[in-house]
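Thanks for coming, everyone. Let's bring the model up on the screen and walk through it.

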4 protein chains.
Amino acid sequence: MTVRFGLLGAGRIGKVHAKAVTSNAGAKLVAVADAFEQAAKDLSAAHGCEIRTIDEIEKASDIDAVIICTPTDTHADLIERFSRAGKAIFCEKPIDLDVERVRQCLAVVKETGATLMVGFNRRFDPHFAAVRKAIDDGAIGDVEMVTITSRDPGAPPAEYISRSGGIFRDMTIHDFDMARFLLGEEPVAVTAHASVLVDKKIGELGDYDSVSVILSTASGKQCVISNSRRATYGYDQRIEVHGSKGLAAAENQRPVSIEIANGSGYTRPPLHDFFMTRYTEAYANEIAAFINSIATGVKASPSGEDGLIALALADAALRSVKEGKTITV
Amino acid sequence: MTVRFGLLGAGRIGKVHAKAVTSNAGAKLVAVADAFEQAAKDLSAAHGCEIRTIDEIEKASDIDAVIICTPTDTHADLIERFSRAGKAIFCEKPIDLDVERVRQCLAVVKETGATLMVGFNRRFDPHFAAVRKAIDDGAIGDVEMVTITSRDPGAPPAEYISRSGGIFRDMTIHDFDMARFLLGEEPVAVTAHASVLVDKKIGELGDYDSVSVILSTASGKQCVISNSRRATYGYDQRIEVHGSKGLAAAENQRPVSIEIANGSGYTRPPLHDFFMTRYTEAYANEIAAFINSIATGVKASPSGEDGLIALALADAALRSVKEGKTITV
Amino acid sequence: MTVRFGLLGAGRIGKVHAKAVTSNAGAKLVAVADAFEQAAKDLSAAHGCEIRTIDEIEKASDIDAVIICTPTDTHADLIERFSRAGKAIFCEKPIDLDVERVRQCLAVVKETGATLMVGFNRRFDPHFAAVRKAIDDGAIGDVEMVTITSRDPGAPPAEYISRSGGIFRDMTIHDFDMARFLLGEEPVAVTAHASVLVDKKIGELGDYDSVSVILSTASGKQCVISNSRRATYGYDQRIEVHGSKGLAAAENQRPVSIEIANGSGYTRPPLHDFFMTRYTEAYANEIAAFINSIATGVKASPSGEDGLIALALADAALRSVKEGKTITV
Amino acid sequence: MTVRFGLLGAGRIGKVHAKAVTSNAGAKLVAVADAFEQAAKDLSAAHGCEIRTIDEIEKASDIDAVIICTPTDTHADLIERFSRAGKAIFCEKPIDLDVERVRQCLAVVKETGATLMVGFNRRFDPHFAAVRKAIDDGAIGDVEMVTITSRDPGAPPAEYISRSGGIFRDMTIHDFDMARFLLGEEPVAVTAHASVLVDKKIGELGDYDSVSVILSTASGKQCVISNSRRATYGYDQRIEVHGSKGLAAAENQRPVSIEIANGSGYTRPPLHDFFMTRYTEAYANEIAAFINSIATGVKASPSGEDGLIALALADAALRSVKEGKTITV
């Protein structure tokens, strides 16, 4: 079986997914849609697929699945439309910035029985997945404490910030999902400290650029998350899981791993510059998992509910900062 | 000038300090006092010093300074006595488990003008001190976020726990001091999550064995602390300071740093087994700094106030856990 | 310009090159030829290219370049044929196991003016290339001493050994090329020690499985090579260049770079299992460089002469072992 | 039993051994002798020992053992004298620069039954010793190939070079001993390449500053040694042992092991500046082993014969360079 794809959105992440689809032996990219004609043309030319409107893709009988890479405020509507159209849906996170809207959307998904997978790409990073596997294999016993470090190389422009939903819903949300992925138990309490240390404009927009979060579960497992919108040394992405029998950790990845030594010491090059290069394999593996779930009927994961819970944790973290107390979820 | 020492307490840590004193060219160990006769005899034999009572040391004209390594509940009384006796005082942490008692004690120290140094040994670890120096040298710009990981190889016996004052006052207190040492600005808010994951007996005694703490300062700097009473791989002691221009980190230390590779992968030996071996150099450097402060008149640091503030942070962390909210200090 | 390719040989390495060609925006895989019909069919199906005979490819007007991945004893003949047919040629190493035959072949290449590139893939590894770039950038001053460690995960079967030309011409030849790439000056003296430590059958076939080689240049630069047909921990591929101002080194690569710590220590997974996974990027970069040289007219490198010199060094190393003395080349 | 020591030579290395003796609970430093009065006085003051002449130490009934740290050309004479005087002898390497003179000297040692230990300190480095132990424990199976990297931070002055016996007898001799220590089988063939890359003056004195050596044993085990009189990044001291079941390696040591990351990458400080700081523990362990051998009667190791064999390998390496061939020993 070959899964036939329509791609909604031909921007930066759309291109990544287009490549993942066309490189996958079990899939075919049939069409792309994008409001910007040139973006659609470029992607069409690069991958030899048609250009269609979203409406045409919705009605197409030669398309089994869609990948939604359009702006965030269109996600929930598109998920509903394509659920009803009987397509399998891969949607970039978040489904929506509003928890209530996400709930409505997931009700439609449930009602229609559509396949929905949400783009928490980091679960598919080979290194992070290997940590999860080590846990499953019993290598570290029961999980006790998780530490997640996630720092962007630089702050995004003000325009991006103002539409992002804030750092917790935009950036930390990935770490909330990773925390759940690693803890293996739902967080029930959230505390966050947040401040503006990197860029004052971010503060003027009512957002933060530096946050620390503690999550804890009913049985007392804990997770600490450290986020910053600044990391001069590259895209800092580390996880560490401490269990009753040991520790499992995934260190940062580098594009080039040489070392130069001289009188100043031993120097290795900086990390990857951002998520596009850091998570190349994760993106390919993610789409492969989506294709596999369509082909085999295995439930797609992370699901819409995973998207919802991560968003709810983000909301709780924000409330924790505003109210100066631990929020129970 | 040779600083002449009396040692109060010939137990485990007393022996460490005795060695530091006798190895230091600027100091001499004159006498030791210990309630256990055999302990005093052994230490006396090992270092060729006299055995005296605490009273005799207090009145001795051939002793300039004392090192207090007796049980915690005697610290404040001894500091007061030796302050009045005109001796310079090095006291193992904590001064007392009760903040009010510490305040009274420090009032006496102030009144008498005595030199008092508190044993936060980690500031003198060459690796941690080098991180502090990198900050001072401007290598990472303004400090923004500090991460401290501190895990003991195993939980102490119930007897120890019940007299310890609890994990925050016994164990995390070192990390609170390290946080202040690295942040360079006083924490004003504390949030902690705590649970019992390692040993149920610890919970039955009303204490915790696994804690996560966030500190934040007035300008928004943040520090995250992760503590566990368990680490199967050895004594886990790491710090990481993230600043506006870069990152400075001190990794774990190993007694032997070889690597064995085979079909199972590449394996390095476990870390040091505990603080006695991990912080050998720190203990020697600490006493050297104390001797230097006596010899030169440079103010002893960390001071009694440093001891007080760390204890107040520990109290705040405990309140945060009990009340489920961020505590302002 | 799109470079149109014919692929000669659809075996293991042929598949790697087919993928490199089809993933390259500047190239097209037109046809494949293989004596084994099924191999040709499989590759044709995977990449949507035609199946042709070698004769047909030689005469085809829609093919600009060929990649030769057939058995070693056919290489020289094919290079000559396709040189005369006016095709650009990429040939897997070695051109031939006999230096004299290589010389004749290169004479034909020269006479016809054909483009010929030899498959010393390691020059195109991003990490090794970064070491070369560090040298070119002056980061380590003048190159003085090079150390190359190259160990296969396991010994090949006897059948392979007997047709391989021996360890120096089959395995060390890559390191001879790497030595030249890094030294930046021709070796003029070769000494080798060789023995059979891994598999007695290899000795019975007159070959060795463990060798150490020293190369030196006219100005006194030195290179040490350490080879074994055994490495229980994976495919061990390291280079280190020591210069007047510093050291540049490329460490081993791992498919997954997590670390598990417990009472036995800290363990990282084994290295890549062999060259196919270790040098994935190198193979793609190598073909990209070949395509670029065709498209732009930049001389293809490594050239046939590079292939010849590496083979001559292999011959000299073997003579050194047999005669117990340093061989001047 | 307390072993009572006389120290011959109060220079740089003499001070190191004096400290090792006085810190050892089983030993006492009774007297020091040095031709330079001030050196003897300083050491006497630092350790509270007497100043005596060599004659007085030879005849002293309160001295059991001597440590010889005088200039190389006095070693053999002193060993003979103190052997006849019935003292246990620790002698810094080399016994003499002339193999024949060493043989005569060892004959006297044998005849008198004296205890003689030679100062190959590296065997006592905790990391190198741990590699040896891993071999003994069977962790890597049968030893096959050893790699030793040993580079000095900088070239010594011409005066030192001219009395040193040349790089093989002065510097590589330590690596020859380490090779024997790790191979567990005597080298039977030596090949060396040598050149002058660091300092022309060294060449003018007839010596080399950059050498590569291959040793091989009767069963075919191999060892590669890489030496340079230059290493801008500190004192480079690494060993690696490749066996039938795996690899054991000891990496370089650093005085401070922090890491600073910024836009230029991740930088760790340089290595130790030279042997005094790198091998601090090794020197203490070495003297402890000597004391133990006197106290328990266990044969002192490394022995005079170990000193002789390492010197013979150095001579063979030099011949190999001069004659351009492999030398059988």
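Which residue in S5(D) is the bridge partner of D:Ile68? It is D:Cys91. A word on what we are looking at. This is a predicted model, where local features need pLDDT of at least 70, side-chain atom pairs count only at pLDDT 80 or more, and totals for chains, interfaces and linings use all residues. Residues are numbered from 1 along each chain as its sequence is written, chains are lettered from A and ligands numbered from 1 in the order in which they are written, and side-chain values use heavy atoms, leaving out hydrogens and water.

Back to chain D. Strand S4 (residues 65-68) and strand S5 (residues 88-91) run parallel, joined by four bridges. Strands here are DSSP runs (E, at least two residues), and helices are runs of H or I, at least four, numbered from the N terminus. Two strands pair if DSSP finds at least two bridges between them.

Now the sheet. It is open, has six strands with parallel pairing, and its order in chain D is S3-S2-S1-S4-S5-S6. At the edges sit strand S3 (50-51) and strand S6 (116-118) of chain D, each pairing on one side only.

Next, helices. Helix H1 (residues 12-22) of chain D lies across S1, S2, S4 and S5, at about 150 degrees to S2(D). Angles run from 0 to 180 degrees between N-to-C directions, with axes fitted to C-alpha atoms, for helices over the stretch in contact. Contact means heavy atoms within 4.5 Å. Helix H11 (residues 280-296) of chain D lies across S1, S2, S4, S5 and S6, at about 160 degrees to S5(D).
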